[in-house]
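Colleague: I have the model open. Can you take me through some side chains?

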Amino acid sequence: MVLAVGLVAVWQAAIWIFQPSPLLFPSPADVARAIVEAFQSGAILDATASTLRILGIGTGLGLVIGLTLATLAVLSRWMDDLLSLVVSIMNPLPSIAILPLAMIWFGLTPTAIVVVILNSTIWPIALNASMGFRMVSTTLQRSARTMGIKGVRMVVQVLFPASLPHLLTGVRIAWAFGWRTVVGAELVFGAAGGTGGLGYFINQARYFLDTDAVFAGLVVISALGLAIEFGFGRIERLTIERWGMAKVG
């Protein structure tokens, strides 16, 4: 909070010192006014809801598929080699680069954006989960086998809990990639299926040279990002730090 207030103070000081044109660089008060007006009209709420809905669907599907791939990889050496190859090919590929192909396949629908988000979320989750599984103590796995735990039960009851820090890191990276991807896709894509997200909101403001609204959209995106990061930090403190799976401090 203190840092945020400090940044706003620096912003306002820069306005006073350099006195840029409000059309190019609005003041904090102008942006705050634009945010209030956007909330009162409901435009920013509708845009935020649309973006979060598409992001939630894409990230949720990416989580399921990524964990499934990591589970198959730990159960089969052939699948492990295949996953390593696919991750090496797909992970470095900018997700926004497949947007034109998704638009050709699925048209101007939310499905196209979900497909793009999937490409940005599956691979970090699969990669981190697979790495976490491999780093689980062999002693722990042998002890589980002596109790008759093997196969999928080994993954669910032993590997998943033991690799929680890696799993949480994978989800954290995936949502960040997905967040940037969905906003970028909306900037390029526009409205999907009659609805427009935060990227569309910013792009529409640009068309009308409404710089205040552009900054308002950016502030909302940053605030949501900080809120979600705070949520991940809270989950870490309640799980892996409390259970002694990570160093504190």
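**Salt bridges, loops and a threonine**

Modeller: Start at R33, which counts as partly exposed because its relative accessibility is 46%. The cut-offs: buried is under 20%, exposed is over 50%, partly exposed is in between (1.4 Å probe, protein chains only).

Colleague: What are the ground rules?

Modeller: This is a predicted model: local features need pLDDT of at least 70, side-chain atom pairs need 80 or more, and totals for chains, interfaces and linings use all residues. Numbering runs from 1 along each chain, and side-chain values use heavy atoms, without hydrogens or water.

Colleague: Which side chain does R33 meet in a salt bridge?

Modeller: That of D30, at 2.9 Å from N to O. A salt bridge here is a Lys or Arg side-chain nitrogen within 4 Å of an Asp or Glu carboxyl oxygen.

Colleague: How are D30 and R33 placed along helix 2?

Modeller: They are three residues apart in helix 2, so about one helical turn separates them. Helices are DSSP runs (H or I, at least four residues), numbered from the N terminus.

Colleague: And D30, buried or exposed?

Modeller: D30 is buried, because its relative accessibility is 19%.

Colleague: How many salt bridges does a search of the whole structure find?

Modeller: Five. One of them joins the side chains of D81 and R77, at 3.5 Å from N to O. Those two sit four residues apart in helix 4 (residues 77-90), so again the separation is about one helical turn.

Colleague: How accessible are they?

Modeller: R77 is exposed, with a relative accessible area of 63%. D81 is partly exposed at 44%.

Colleague: Which residue forms a salt bridge with D80?

Modeller: R134 does, with the closest N and O atoms 3.8 Å apart.

Colleague: Which residues are linked in a network of salt bridges?

Modeller: R172, E229 and E236.

Colleague: New topic. Which backbone angle stands out at Q19?

Modeller: Phi. It is positive at Q19, about 50°, although Q19 is not a glycine. Most residues other than glycine have a negative phi.

Colleague: Where does Q19 lie?

Modeller: In the loop between helix 1 and helix 2. Q19 is exposed, at 65% relative accessible area. L24 is found in the loop between helix 1 (2-18) and helix 2 (28-41). L24 counts as exposed too, with 63% relative accessibility.

Colleague: And L209, what is its phi?

Modeller: Positive, about 55°, and L209 is not a glycine either. L209 sits in the loop between helix 10 (198-207) and helix 11 (211-241). L209 is exposed, at 60% relative accessible area.

Colleague: Last one. Where is the place of T71?

Modeller: In helix 3 (residues 43-75). T71 is buried, with 15% relative accessible area.

Colleague: Which backbone oxygen does the T71 side chain reach?

Modeller: The one of L67, at 2.8 Å.

Colleague: What else is T71 in contact with?

Modeller: Leaving aside neighbours within four places in sequence, T71 is in contact with F133, V155 and F160. Contact means heavy atoms within 4.5 Å.

Conventions. Polar contact = N/O pair within 3.5 Å; in protein donor to acceptor, adjacent residues only side chain to side chain.
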